[in-house]
Amino acid sequence: MGVTKRVDFKEDINNIAEVFKALGHPARIQIMNILMMEESCSCGNIVKILPLAQSTVSNHLLELKKANLINITFSGKSSIYSVEKDKLNVLNQFISNYIDNIGTDSFKKKTSHKTISITEVLEERKEFSPKKKKISSNLKLHNYQFKHKK
């Protein structure tokens, strides 16, 4: 996780992003479905259900654990996995708020004299973004050129 891309975001937004990242693979979504239906399950039982190797399922479970989407309890030599319901409630609340706010003013940028849509804001950014500078022909003379390329 790179610090530079996340330094300006609030902690709750970073947490939601981690959840979406963890759920960004179909196998992990399927594992979450299994755990929600079964309430708890061992890695071996998940392997029996999914057409994946045990090591692959273990890696996916690890990614889900890193995002705090699942809990692990130990029963003898077995690890038993279950869904972290508090984390799902946070995700559910985020998605519900997002859906409820689509089309409302919270998706628009307000200015002192008018309201601008997100599309207009993005267009403004394109218009004022710095353009690539042309490389001076003098600089080209000092760059190494491969003999087989012209």
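Tutor: One term before we start: two residues are in contact when they have heavy atoms within 4.5 Å. Keep in mind too that this is a predicted model.

Student: Okay. What does Ser82 touch, leaving out residues up to four places away in sequence?
Tutor: Ser82 touches Leu35, Glu39, Ser40, Leu69, Ile70 and Asn71.

Student: Where is Ser82 found, and is it buried or exposed?
Tutor: Ser82 is in strand β3. Its relative accessibility is 19%, so it counts as buried, the cut-off being under 20%.

Student: Glu39 was on that list. Where does Glu39 lie?
Tutor: Glu39 lies in the loop between α2 and β1. Its relative accessibility is 60%, and it counts as exposed. The phi of Glu39 is near 70°, a positive value in a residue other than glycine.

Student: Which other residue has a positive phi although it is not a glycine?
Tutor: Asn68 is one, with a phi of about 60°. Asn68 sits in the loop between α4 and β2. With a relative accessible area of 41%, Asn68 is partly exposed.

Student: Let's step back. How many helices and strands are in the protein?
Tutor: The protein has seven helices and five strands. Along the sequence the pattern reads α-α-β-α-α-β-β-α-β-β-α-α.

Student: And how much of it is buried?
Tutor: Of the 150 residues, 20% are buried. The accessible surface comes to about 12,300 Å², and carbon and sulfur atoms account for 55% of that.

Student: Now the largest nonpolar core. Which residues there touch the most other members?
Tutor: The core has 20 residues, and Ile31, Leu35, Ile46, Leu61, Leu64 and Leu69 are the ones that touch the most other members. At least two residues each come from α1, α2, α3, α4 and β3. The helix α2 gives the most, with four residues.

Student: Pick Leu61. What is Leu61 in contact with, leaving aside its neighbours within four places in sequence?
Tutor: Leu61 is in contact with Ile31, Cys43, Ile46, Ile70 and Tyr81.

Student: New topic. At what angle do α1 and α5 pack?
Tutor: The angle between α1 and α5 is about 105°, and their axes are 11 Å apart. That makes α1 roughly perpendicular to α5.

Student: Which residues meet there, in α1 and in α5?
Tutor: From α1 there are Asn15, Ile16, Val19 and Phe20, and they meet Lys87, Val90, Leu91, Phe94 and Ile95 of α5. By type, the residues of this contact are seven nonpolar, one polar and one charged.

Student: What about Ile13, where is its place?
Tutor: Ile13 is also in helix α1. It is partly exposed, with a relative accessible area of 38%. The C-alpha atoms of Ile13 and Phe94 are separated by 9.5 Å, although the two residues are 81 residues apart along the chain.

Student: Last one. Taking contacts between residues at least 6 apart in sequence, how many join residues at least 24 apart?
Tutor: For the protein, that share is 45%.

Note on methods
Residues numbered from 1 in each chain as written. Predicted model: local features only at pLDDT ≥ 70, side-chain atom pairs only at ≥ 80, totals over all residues. Heavy atoms only, no water. Core = buried A, V, L, I, M, F, W, Y, C linked by side-chain atoms within 4.5 Å. Buried < 20%, exposed > 50% of the residue type's maximum accessible area, 1.4 Å probe, protein only. Axes fitted to C-alpha atoms, helices over the stretch in contact; angles between N-to-C directions. Parallel < 35°, antiparallel > 145°, perpendicular 65-115°, else oblique. Nonpolar A, V, L, I, M, F, W, Y, C, P; charged D, E, K, R; others polar. Areas by Shrake-Rupley, 256 points an atom, 1.4 Å probe, with all protein chains shown as cover.
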